[in-house]
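Try each task before you read its solution.

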Amino acid sequence: MTVALMWEARAVPGRGADLLAWAEERARELPRRPVRRETFRAPQDRVLVITWWKAPYDAELPELPEPESTLVTRAVHRWRFESLGSV
């Protein structure tokens with residue numbers, strides 16, 4: 001089964017590049033390697049990291065931590081999705 005973990009944060013104004021670099025570094029440091037990983041930068045200095053794992057839906061998987069408060073405007077949002085296959 002494939003599980004996708006999504007991590008999204010909004011940077012403090014003017015710190016979008018710093019948050020992106022921080023997220024990239026932390027994603028490389030995950031204790032296990034995901035099957036796939038993508039990082040996106042969206043309008044309003046939002047950073048989104050998606051990791052895909054071959055694991056049961058309820059497996060304990062490593063996730064990106066909370067960045068220091070000087071980088072983000074609010075708490076990180078996280079989602080977990082189970083793949084239902086493609087059509």
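**Exercise 1. Charges over rings**

Keep in mind that this is a predicted model. Find which ring the charged end of Arg80 sits over, and which ring has Arg36 over its face.

*Solution.* Start with Arg80: its charged end sits over the ring of Tyr57, 5.9 Å from the centre. Then turn to Arg36, which lies over the face of Trp52 at 4.0 Å from the ring centre.

**Exercise 2. An aromatic pair**

Decide how the rings of Trp7 and Trp22 are arranged, and say where in the fold the two residues lie.

*Solution.* Step one is the count, which comes to 1 aromatic pair. Step two is the geometry: the ring centres of Trp7 and Trp22 are 5.9 Å apart, within the 6.5 Å limit for a pair, and the planes meet at 25°, under the 30 degrees cut-off, so the pair is stacked. Step three is location: Trp7 belongs to strand β1 (residues 2-10) and Trp22 to helix α1 (residues 16-28), so the pair ties together parts that are 15 residues apart in sequence. Finally, check accessibility: both Trp7 and Trp22 are buried.

**Exercise 3. The largest cavity**

Work out which residues line the largest cavity and which strand gives the largest share of that lining.

*Solution.* First, the count comes to 1 cavity of 30 Å³ or more, and the largest cavity holds about 60 Å³ of space. Next, list its lining: Leu5, Met6, Trp7, Val49, Thr51, Pro62, Glu63 and Leu64. Now sort these residues by strand.

**Exercise 4. A hairpin and its turn**

Describe how strand β2 (residues 36-42) pairs with β3, then say whether Gln44 is buried or exposed and whether Asp45 is buried or exposed.

*Solution.* Begin with the strands: β2 and β3 pair in the antiparallel sense over 7 bridges, and Glu38 stands opposite Ile50 in β3. The two strands form a hairpin with 3 residues between them. Then look at the backbone. Most residues other than glycine have a negative phi. Gln44, in the loop between β2 and β3, has a positive phi of about 65° although it is not a glycine. Asp45 lies in the loop between β2 and β3, and its phi is positive too, at about 55°. To finish, compare accessibility: Gln44 has 51% relative accessibility, so Gln44 counts as exposed, whereas Asp45 has 19%, so Asp45 counts as buried.

Terms used. Residues numbered from 1 in each chain as written. Predicted model: local features only at pLDDT ≥ 70, side-chain atom pairs only at ≥ 80, totals over all residues. Heavy atoms only, no water. Phe/Tyr/Trp six-rings, centres within 6.5 Å; stacked < 30°, edge-to-face > 60°. Helix = DSSP H or I, 4+ residues; strand = E, 2+ residues; numbered from the N terminus. Buried < 20%, exposed > 50% of the residue type's maximum accessible area, 1.4 Å probe, protein only. Lys NZ or Arg CZ within 6 Å of the ring centre and 35° of its normal. 1 Å grid on protein atoms, 1.4 Å probe; cavity = no way out; pocket = protein on both sides within 12 Å on 5 of 7 lines; lining within 4 Å. Points joined across faces, edges and corners; volume = space filled by probe spheres on them. Pairing = 2+ DSSP bridges.
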